[in-house]
Amino acid sequence: MSGPQPGQQRNGEASCKKREDYLEWPEYFMAVAFLSAQRSKDPSSQVGACIVNSENKIVGIGYNGMPNGCSDDVLPWTRTGANRLDTKYPYVCHAELNAIMNKNSADVKGCSMYVALFPCNECAKLIIQAGIKEVIFMSDKYHDTTEMTAARRMFDLAGNSSQSVTRSSLTLIQLTADQVKSFCELCVIKSLEEYDYPFLKSC
Ligand SMILES: [Zn+2]
């Protein structure tokens, strides 16, 4: 009888154990968010978001871009301009908005959202109103801006506390250094400085 027997590798060794260095769920979902970000045409900021339900199934993915049907060759991508109408800001849809709008389930109540950057105030409103219960982010580089301060205020009120771990409230979780390190090893993060994560400075 030729060929490997069931439970045997081709080289005749006993069957191997399962892999131990597989991606954990949080790194996996954040990696999906990062991959999605690479679809963005924004020259200065590429952000992806991934929404996951309680069964660890992905129910929505999005990245920042112009609204459907609004040509991204016509609308501006610049961050600065004498007139705000000539900047990207009034037009671009953030990754969180697109992920929620792209959902393939009836709703995203009780779901978790994985996103590279801490959400702005406009996305915080959407996240809260959509019933998302957990936001997992990596970078908080705009922590002190008006937008992020307002977002944090709303998240705190909606969830009572960012430290809360109760299921009924909205929680905020920042990726750990080990999780970010696994990203580095996967080369998921193309520009380390872009996300201004404290660990990355020494990576
Ligand atoms: Zn936003």
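# Reading the sheet, helices and core

Biologist: Which residue in S2 is the bridge partner of Gly-48?

Modeller: Tyr-63. Before we go on, this is a predicted model: local features need pLDDT of at least 70, side-chain atom pairs count only at pLDDT 80 or more, and totals for chains, interfaces and linings use all residues. Residue numbers start from 1 along each chain as its sequence is written.

Biologist: What counts as a strand or a helix, and when do two strands pair?

Modeller: Helices (H or I, at least four residues) and strands (E, at least two) are DSSP runs, numbered from the N terminus. Two strands pair if DSSP finds at least two bridges between them. Here, strand S1 (residues 48-52) is paired with S2 over 5 bridges, in the antiparallel sense. Cys-50 is also part of this picture, standing opposite Ile-61 in S2.

Biologist: How many residues lie between S1 and S2 in their hairpin?

Modeller: There are 5 residues between them, and Asn-56 sits in the turn. Look at its backbone: phi of Asn-56 is near 60°, which is positive although the residue is not a glycine.

Biologist: Is Asn-56 buried or exposed?

Modeller: The rule is a neighbour count: with C-beta atoms placed from the backbone, a residue is buried if 20 or more other C-beta atoms lie within 10 Å of its own, exposed if 12 or fewer, and partly exposed in between. Asn-56 has 10 other C-beta atoms within 10 Å, so Asn-56 is exposed.

Biologist: In what order do the strands form the sheet?

Modeller: Start with the general idea: side chains in a regular strand alternate between the two faces of the sheet. In this model, 5 strands make an open sheet, ordered S2-S1-S3-S4-S5, with mixed pairing. From one strand to the next, the twist averages 20°.

Biologist: And how do the elements run from the N terminus on?

Modeller: They go α-β-β-α-β-α-β-α-β-α-α, which comes to 6 helices and 5 strands.

Biologist: What does helix H1 lie across?

Modeller: For the angle, axes are lines fitted to C-alpha atoms, for helices over the stretch in contact, and angles run from 0 to 180 degrees between N-to-C directions. Contact means that two residues have their C-beta atoms, placed from the backbone, within 7 Å. H1 (residues 25-37) lies across S1, S2, strand S3 (112-117) and strand S4 (134-139), at about 140° to S1. Its buried residues are Glu-27, Phe-29, Met-30, Ala-33, Phe-34, Ser-36 and Ala-37. Their cover includes S1, S2, S3, S4 and helix H5 (177-186).

Biologist: Why does Ala-37 count as buried?

Modeller: Ala-37 counts as buried because it has 23 C-beta neighbours inside 10 Å. Not counting residues up to four places away in sequence, Ala-37 touches Gln-46, Val-47, Gly-48, Tyr-63 and Ala-116.

Biologist: Which residues of H4 are buried?

Modeller: The idea to carry along is that an α-helix has 3.6 residues a turn, so residues three or four places apart point the same way. In H4 the buried ones are Ala-151, Phe-155 and Gly-159. They cover an arc of only 45° around the axis (the arc of the directions from the helix axis to the C-beta atoms), so they sit on the same side of H4. These buried residues pack against helix H3 (121-130) and S5. Thr-146, Arg-153 and Leu-157 are exposed, on the face turned away from the buried side of H4.

Biologist: Which residues have the most contacts inside the largest nonpolar core?

Modeller: In soluble globular proteins, nonpolar side chains tend to be buried together. A nonpolar core is a set of buried Ala, Val, Leu, Ile, Met, Phe, Trp, Tyr and Cys residues joined through C-beta atoms within 7 Å. The largest here has 40 residues, and Ala-33, Met-113, Tyr-114 and Val-115 have the most contacts inside it. Beyond four places in sequence, the contacts of Tyr-114 are Phe-29, Met-30, Ala-33, Ala-49, Cys-50, Val-52 and Ile-136.

Biologist: Where does Tyr-91 lie?

Modeller: In the loop between S2 and helix H2 (95-101). Tyr-91 has 16 C-beta neighbours inside 10 Å, so Tyr-91 counts as partly exposed. Leaving aside neighbours within four places in sequence, Tyr-91 is in contact with Met-66, Cys-70 and Leu-75.
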